Amino acid sequence: VVRRRLLQRYEHQPFISCLAGFYSCRWRRYQRERTEPGKCCCNMVNEHKISTDMDFSFCFSLVFLYTWGEGKNDYNGFDWYNYGNLGFWFLWSLVILIVAAVLFAYTSLLLVLAMCLLAEGQQLYLHWSHKIGTFLVLGFTISSLFALSILWRDHRKTVRLSFQVTAPYLHIGAIAIMVLLSWPVALHAIRADKKVIQVVIVGPYLAILLFLFLIPLGMYSPCIREKGTLGPKPALIGHRGAPMLAPENTEMSFLKTIEHGGDGLETDVTISYDGVPFLMHDDTLRRTTNIHEVYPNETGKAASLFSWDSLQKLNAGTWFLKNKPFLGMGSLSKADQSQAMNQSIYTLSGFLRLADSHNKLVIFDLYRPPERHPYRNLWIRKILDVILKESKIKRHLVLWLHNSVRSFVQSVAPGFQHTMGRKAPIEDLLKHNIVKLNLVYTEMSSEDIRKYAEANITTNFYVVNEPWLYSLAWCSGAHSVTTNAVHLLKDLSQPLFLMTPRQYNIMWILTDLTSAFLISLIFAL
């Protein structure tokens, strides 16, 4: 008897020792207990609560990782938002993505360890450090999801759009997880000594499994379509040029867009104090110039309150090399670095001449000068003079977006393609000779796109950077997209996730049949 007890105490079980060591910090055999038939894997109420918290931590960390990962299209805007509030540049979006991945990996590892211990018939005792860890993961992920839903409401629309292309594959992933869970569920049910407990364990599992088997019946994706029904590839309009390859709104940036086959150029126009329209997105010059070096006492001054001579003294490219504003933008060649370092603020006249010489569409946002600006009430006329008299760009290349003086513009400059920045009834659009809608991508709807197309009104969506989002726009029938990534999207020969209904039905049925067979086999064994 003494010998048997000594063997039980010191018997070498490296696999179980590692599992229990990492999960419970119980590395020796005498510190562990086996689960007796008919008994629960957690013999204390507190351990039951901790096990539930760990399950919730895993679920919320998975949701947070997916939610933030699918928001990559807007990482640049998120980082610049933080720059405006904090005053310094940092890739906060990347930090959050790494944190989300680490938290998910941590909770996943704990669940795997728990399932392996259950399979070996061991009692579960989560170490106090892991208890604190799961609680922190749960609190952080819930708080982060709540903050995202309040501060970044459009992000929820992005996630909903992502389901239209990823849902078929998320379905397969969910089924795979259920197959893996069938192992501990079956073991736990078999060890239960009462039918009621077995029903409580197996019943919810089978209900969730049945729901997952049938959920494709209500699934919709515009990328699941018959062959021959896919429309043409959406045209690519460079958002402030090619800001992942060159400083935004500079000549180099627009040349990069043209070099990579972009169909159009998008920019932002303001007007200097002495009446020269130039390209600048922000109210101030702090983000995209070296104003802190040239005019250190005027960094907060509105860009339109500087004379053109003062603006010409600023460098509009060194910030790009210093901050590297886009995640994964890569390194520039020495020639491109040298060119970027010598970029200056670009005039509207130069921009239009460049677009006209390469036969590229142009679309721009116009910013009215502040009060007490000499051109506050003459700015539209000044901009029209540059378009019609200085640059003499072909009028059909201009997508006129500004809405306040549209009737006047139509009278003095016929030939522009008039564009509206919001959805409206078709009758109103036709009444004002609108031929294109310029919409934020979160308003994407294949039904609306089709409805407007029937009235010969095309749609452009901004800002579309990710291949999955561009694929969704393509499948939905969008005519064009405004993007920071012309050099990446131009290489797509067909939408991602494109398949026929027959292919999807085969994938769905095979997934359900295979998983049902494996789960039945596991329960039978």
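**Spans, domains and their interface**

Residues 199-220 are 73% helix and 0% strand, and their end C-alpha atoms lie 34 Å apart; helices (H or I, at least four residues) and strands (E, at least two) are DSSP runs, numbered from the N terminus. The model is a predicted one, in which local features need pLDDT of at least 70 and side-chain atom pairs count only at pLDDT 80 or more, while totals for chains, interfaces and linings use all residues. Residues are numbered from 1 along each chain as its sequence is written, and side-chain values use heavy atoms, with hydrogens and water left out.

The span 199-220 is listed in UniProt (unreviewed entry) under "transmembrane region", together with 89-120, 132-152, 167-187 and 506-524. UniProt positions follow the numbering used here, feature names are shortened, and annotations may be inferred rather than shown by experiment.

Turning to the overall layout, the chain is divided into domain 1 (1-151) and domain 2 (235-491), with bounds from an automatic or database domain assignment. Their centres, taken over C-alpha atoms, are 46 Å apart. Contact (heavy atoms within 4.5 Å) involves 13 residues of domain 1 and 15 residues of domain 2. The two domains bury about 1300 Å² between them, 55% of it on carbon and sulfur atoms; buried area is the accessible area (1.4 Å probe) that two parts lose on being put together, summed over both. On the domain 1 side, N73, W80 and Y83 lose the most area to domain 2, together 42% of what that side buries.

Six residue pairs, both members at pLDDT 80 or more, are in polar contact between the domains. A polar contact is a pair of N or O atoms within 3.5 Å; within protein, one must be able to donate a hydrogen and the other to accept it, and residues adjacent in sequence count only if both atoms are side-chain atoms. Helix 4 (residues 75-86) supplies the largest share of the domain 1 side that touches domain 2, with five residues.

Two backbone details complete the picture. Y462 and V463 are joined by a cis peptide bond, with omega about -20°, and V463 lies in the loop between strand 8 (458-462) and helix 19 (467-476). K324, although not a glycine, has a positive phi of about 45°; K324 is found in the loop between helix 12 (318-323) and helix 13 (334-341).
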